[in-house]
Amino acid sequence: MRSNLERRYRSLLRLLPARYRAEREEEMVGIFLADRTDDLDLEHGWPGWGETGATLALAVRVRLGARRPAGTALRVLALTGLLGQLVSSAQSWTVTARLGAAADGQGWWYDVTALVAFAALVAGRRAVGRVAAGLSGVLSLVAVVWSAAAGSPPWWTLLWQGPALLTAAAVVAGFHREAPPVPRVWWAVAPVALVAGVASVVSAPALSTGTMSAAWLIAAAVVAVSRPWTARAPESAA
């Protein structure tokens, strides 16, 4: 007869895919219960925070693994988002060169974190890439909260910062330690998108929601045409 604690562990393991549970559930439950033999604990105990966190992380890694379509799609979305941020940065530099620093409507951190995250992920430094993208997401969230606290419409700031927030979440979730290496073709994709970004604002009067939208469309179009997810990935990554 199963105890309440065992049932709670089995409920927690439902976060994992069915095929994974079929192979590992009994073994994992046995490990979880190995040191919890007290009758009172078996009746009223719950899985620990550490076990819950480890199971959640395992579920993410398994569901977004190297051969999982959802994982591949999420990683392409993450890199496309970073590419869109780089295109937006190229637009910003172009407009600033023409009209002066007052025309630059986005912070320098936006450019730096996107560049570091993209370069690190393609170079195989996924931990650095996750940290840089995560920092970008945190700073974007701070901008939204600051705007709301200052009395500005938060939806307007969210419109600008939303893509960076979504990209940060995709990078952190998709590039876990078991994620496959990034194909090097992304190095060739980036310059094409940057040149298109510069060309898109050569005659623009200033940065705007329109130029920001164009940055994302350019990134999506370049990725769709080049299909970098079909390229062969390097054998290993750091």
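This is a predicted model: local features need pLDDT of at least 70, side-chain atom pairs count only at pLDDT 80 or more; totals for chains, interfaces and linings use all residues.

User: How many residues are in the largest nonpolar core?

Analyst: A nonpolar core is a set of buried Ala, Val, Leu, Ile, Met, Phe, Trp, Tyr and Cys residues joined through side-chain atoms within 4.5 Å. Buried means under 20% relative accessible area, exposed over 50% and partly exposed in between, using a 1.4 Å probe and protein chains only. Trp186 is among the residues with the most contacts inside the largest core, as are Leu79 and Phe118, and the core's total is 27 residues.

User: Which element gives the largest share of this core?

Analyst: Helices (H or I, at least four residues) and strands (E, at least two) are DSSP runs, numbered from the N terminus. Elements giving two or more residues to the core include α6 (108-122), α9 (185-200) and α5 (69-99). The largest share, seven residues, comes from α5.

User: How are the rings of Phe118 and Trp186 arranged, stacked or edge-to-face?

Analyst: Rings of Phe, Tyr and Trp (its six-membered ring) pair if their centres lie within 6.5 Å; planes under 30 degrees apart count as stacked, over 60 as edge-to-face and the rest as tilted. Both Phe118 and Trp186 are buried. Phe118 lies in helix α6 and Trp186 in helix α9, so their pair ties together parts 68 residues apart in sequence. Because their centres are 6.3 Å apart and their planes are at 75°, the pair is edge-to-face.

User: What is the angle between the planes of Tyr9 and Phe32?

Analyst: Tyr9 is in helix α1 (residues 4-13) and Phe32 in helix α2 (residues 18-33), 23 residues apart. Tyr9 is buried at 0% relative accessible area, and Phe32 counts as buried at 13%. Their pair is stacked, with 4.6 Å centre to centre and an angle between the planes of 10°.

User: Over residues 73-95, how far apart are the end C-alpha atoms?

Analyst: UniProt, in an unreviewed entry, places a "transmembrane region" at residues 73-95, among others. Its positions are given in the numbering used here, feature names are shortened, and annotations may be inferred rather than shown by experiment. In the model this stretch is 100% helix and 0% strand, and its end C-alpha atoms are apart by 33 Å.

Conventions. Residues are numbered from 1 along each chain as its sequence is written. Side-chain values use heavy atoms; hydrogens and water are left out.
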